[in-house]
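Dear colleague,

Please find below the sequence and the structure that I am handing over to you. I would be grateful if you kept them open while reading the notes that come after.

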Amino acid sequence: MLRVQFGKQALEVPLPEDDMVASLEQALESATGLFARQQRIIHKGKVLPRGSALSQAKVRAGAKLMLMAVAGEGGPGSDATESAGAAALAEARAAKQRATVEAMRARAAAGPSAPAREQQAAPVDAAARARAWAATGIVALREAGITSVPESVAGVGSAARVLDLSLNALTELPSHVLPALPSLQRCNLGRNALAELPKGLSTLTALAHLSLEHNRITTLSPEIGSLCSLVRLDLSSNKITELPPEVGSLAQLQYLIVSGNGLSTLPSELAGCAALEALDATSNSLTTVPPELSALQKLQKLELDRNRLQGVPASILRECQSLHTLTLHGNPLSVQQLRELDGYEEFDVRRRRKFSKQLSTNVMLDRDGFDEGAGK
C-alpha cells in the first residue's frame with residue numbers, strides 16, 4: 001500500500017513494488033481526475049521517472065509520496081484555443097483508439113490465443129483485487145482489454161467512490177452494475193464503444209464527474225437530468241444530434257463538454273444550469289445559440305469554434321456578467337463582424353479586464369496573443 005498526499009487529500013493506492021510508475025499515475029488519475037501528463041509524483045525529494053518500476057525508484061510498501069499538479073495540455077477549462085495541428089493530432093489519436101477497440105472486439109470474437117489460454121491458467125486473484133477496490137474505493141480497470149464488466153465490480157457496492165473503465169471495448173454495462181454502486185462520485189467510461197447511456201445511471205445521485213467521451217452515443221435519455229450532484233459532464237466525440245431538455249435540471253453542473261458531435265442547436269433549458277462556468281460546443285453544426293443562455297450569470301467561457309454561427313445573441317454578450325472568453329473561430333464570422341454585434345462592447349470590457357490581469361500577473365498568453373475570438 002502506497003500513501004499519497006495530494007493537497008489536503010490523503011490517498012492509499014495498492015500497488016506491488018515491481019509495478020511501474022505509469023501504473024501509479026493511472027491509479028491517481030482515476031482517484032483525482034488529474035491527467036497523468038499533469039502529475040509530478042515526488043518521493044524523498046525526487047520526481048519519479050515514468051518509465052521505471054517503483055522498486056527502481058526505491059519506493060517500498062508503505063512509502064509516503066507527494067502528488068503535485070503541473071500545467072498540462074490545453075483542454076476543457078483551459079484558455080488555449082485548439083490549433084489545427086492539435087486538432088489533427090487529436091483525430092489521429094482517436095483513430096488509433098478506434099482501431100484498438102475494433103482489434104479487441106475481433107480478438108474476443110475469435111476466442112483466446114495460445115498465450116491468452118496460458119494466462120487464463122493463472123488468473124488474477126480476483127478476491128484480492130476486489131478487497132483492494134473496497135479498501136481504496138477505487139475500482140480501476142482502465143485499458144484492461146475487457147469487452148464486458150466483471151461481476152466483481154458490482155460486488156464492491158457502496159464502498160466504491162471511483163469507477164474507471166475507460167480505454168476498453170465495452171458496448172454496454174449490465175443494468176445491475178451502476179445501481180450496485182450508489183456512492184460513486186467519479187465515473188469514467190470514455191473511449192469505449194457505448195451506443196447509449198448506461199442503464200441505471202439515474203441512481204447515482206452522488207455522482208459529480210461523468211466522462212463518456214469518444215464513444216458511439218447517438219441520443220441521451222431524459223434520465224441524465226436525475227444526476228443532481230453532477231459537476232462535470234464530458235460527452236465529446238460522440239454522435240449526439242440533440243441534447244434533451246432535462247439537461248437543464250443539472251443545477252450543480254459547472255463544466256459541460258459536448259464538442260465533436262452533430263448538434264445543430266442547444267436547448268434553451270440549459271439556462272437552468274445556474275452553476276455553469278464553461279461550455280465547450282466546438283466542432284458541431286450549430287447555426288444559432290439560444291438567447292436564454294443569458295441567464296447563466298456564472299458562465300465564464302463559451303467555446304463555439306468550428307460551427308455555422310453568424311453571430312451570438314446580444315443578451316448573452318450583455319447579460320452574462322462573468323463571461324470573459326468567447327471563441328468563434330471557424331465560423332462564417334470575421335473579427336470585424338464580431339465587433340459590430342450588438343452587446344459586444346459590454347463583453348469586450350470584461351475580456352480586456354481579464355487580459356489586463358494576465359499581463360499584470362505575468363500569466364503566459366496563447367501564442368496568438370490577445371485573441372478576439374474569431375477569424376481575421
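The paragraphs below set out what was found, beginning with the chain as a whole.

Please note that this is a predicted model. The protein chain has 376 residues, and buried residues make up 43% of them. Its secondary structure comes to eight helices and 14 strands. The accessible surface is about 18,100 Å², and carbon and sulfur atoms account for 52% of that area. Among the contacts with a separation of 6 or more, 46% are between residues 24 or more positions apart.

Strand 1 covers residues 2–6 and strand 2 covers residues 9–13; the two pair in the antiparallel sense over five bridges. Within this pairing, V13 of strand 2 is the bridge partner of L2. The two strands form a hairpin with two residues between them, and G7 in the turn has a positive phi of about 65 degrees. Strand 1 also pairs with strand 5 (residues 64–69), here in the parallel sense and over three bridges. In strand 5, the residue opposite V4 is L65. As background, strands of a sheet pair through backbone hydrogen bonds, in either the parallel or the antiparallel manner.

Nine strands form an open sheet with parallel pairing, in the order 6-7-8-9-10-11-12-13-14. Strand 6 (138–140) and strand 14 (325–327) stand at the edges; each has a single partner strand, so one side of each is left without a neighbour in the sheet. On average, and with direction ignored, neighbouring strands of this sheet are turned by 5 degrees against each other. Helix 1 (residues 21–32) packs on the sheet and touches strand 6, strand 7 (162–164) and strand 8. The direction of helix 1 makes about 125 degrees with that of strand 6.

Strand 8 (residues 186–188) and strand 9 (residues 209–211) run parallel and are joined by three bridges. C187 stands opposite L210 of strand 9.

Cysteines

C187 has a relative accessibility of 2% and therefore counts as buried. C320 is likewise buried, with a relative accessible area of 0%. The structure holds zero disulfides. For reference, a disulfide is a covalent bond between the sulfur atoms of two cysteines.

Two further residues

Is T282 buried or exposed? T282 counts as buried because its relative accessibility is 8%, and the cut-off for buried is under 20%. T282 lies in the loop between strand 12 (278–280) and strand 13 (301–303). Leaving aside neighbours within four places in sequence, T282 is in contact with S259, G260, E303, L304, D305, R306 and N307.

E345 is found in helix 8 (residues 344–360). At 64% relative accessibility, E345 counts as exposed, since the cut-off for exposed is over 50%. The C-alpha atoms of E345 and L317 are separated by 8.4 Å, while the two residues are 28 residues apart along the chain.

With kind regards

Notes. Residues are numbered from 1 along each chain as its sequence is written. This is a predicted model: local features need pLDDT of at least 70, side-chain atom pairs count only at pLDDT 80 or more; totals for chains, interfaces and linings use all residues. Side-chain values use heavy atoms; hydrogens and water are left out. Two strands pair if DSSP finds at least two bridges between them. Helices (H or I, at least four residues) and strands (E, at least two) are DSSP runs, numbered from the N terminus. Buried means under 20% relative accessible area, exposed over 50%, partly exposed in between (1.4 Å probe, protein chains only). Contact means heavy atoms within 4.5 Å. Axes are lines fitted to C-alpha atoms, for helices over the stretch in contact, and angles run from 0 to 180 degrees between N-to-C directions. A disulfide is a pair of cysteine sulfur atoms within 2.5 Å. Accessible areas come from the Shrake-Rupley method with a 1.4 Å probe; for residues, only the protein chains shown count as cover.
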